[in-house]
Amino acid sequence: MLIISDNSAVSALAETGLLDILPALFGRITLTESVSRECRHPRAPDALREWITHPPPWLSIVPDPGVFLPETVNLGAG
């Protein structure tokens, strides 16, 4: 199953202490580099910054893809 999300869902799960449900629900999780950078932002929740600094074995970080839809070109990278 492929799920595409921005940083908001990961941030909310970190703030509620529920990041561990991700592998239980989806197995392996993949984030883009842009989302990873947003997770490391100084204003990101502490739990999220700690999590991304020491990523679990079920998390992969991949390069950002190109633009899939012209409508999304003006959206933020993460």
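Reply: What follows looks at helix H3 and the parts around it.

The model is predicted, so local features are given where pLDDT is at least 70 and side-chain atom pairs where pLDDT is 80 or more, while totals for chains, interfaces and linings use all residues. Residues are numbered from 1 along each chain as its sequence is written, and side-chain values use heavy atoms, with hydrogens and water left out.

First, the setting. The protein has four helices and two strands; helices (H or I, at least four residues) and strands (E, at least two) are DSSP runs, numbered from the N terminus. Along the sequence the pattern reads α-α-β-α-α-β. The protein has 78 residues, and 29% of them count as buried. Buried means under 20% relative accessible area, exposed means over 50%, and partly exposed lies in between (1.4 Å probe, protein chains only).

Now the helix. H3 covers residues 33-40. Its buried residues are Ser34, Val35, Ser36 and Cys39. They pack against helix H1 (7-15), strand S1, helix H4 (46-53) and strand S2 (59-62). Serine 36 has a relative accessible area of 5% and is therefore buried. Apart from neighbours within four places in sequence, serine 36 is in contact with Ile52 and Ile61, where contact means heavy atoms within 4.5 Å.

S1 is made up of residues 29-32, and isoleucine 29 belongs to this strand. With a relative accessible area of 12%, isoleucine 29 is buried too. Its contacts, leaving aside neighbours within four places in sequence, are Leu22, Pro23, Trp58, Leu59 and Ser60. Isoleucine 29 and isoleucine 61 are 32 residues apart in sequence, and their C-alpha atoms are 8.6 Å apart in space. For the protein overall, among contacts with a separation of 6 or more, 66% are between residues 24 or more positions apart.

Two of the helices that H3 packs against, H1 and H4, also pack on each other, at an angle of about 105° with their axes 8 Å apart. Axes are lines fitted to C-alpha atoms, for helices over the stretch in contact, and angles run from 0 to 180 degrees between N-to-C directions. H1 and H4 are therefore roughly perpendicular, a label for angles of 65 to 115 degrees; under 35 is roughly parallel, over 145 roughly antiparallel, and the rest oblique. Asn7, Val10, Ser11 and Ala14 in H1 meet Ala47, Leu48 and Trp51 in H4.

Last, the charged pairs. Side chains of opposite charge can pair when their charged atoms come close. The whole structure has two salt bridges, each a side-chain nitrogen of Lys or Arg within 4 Å of a carboxyl oxygen of Asp or Glu. Arginine 37 is in helix H3 and aspartate 64 in the segment after S2, so the pair ties together parts 27 residues apart in sequence. Aspartate 64 is partly exposed, at a relative accessible area of 33%.

Another salt bridge joins the side chains of arginine 49 and aspartate 46 at 2.2 Å, N to O. Both residues are in helix H4, three residues apart, or about one turn of the helix. Arginine 49 is partly exposed at 26% relative accessibility, whereas aspartate 46 is exposed at 58%.
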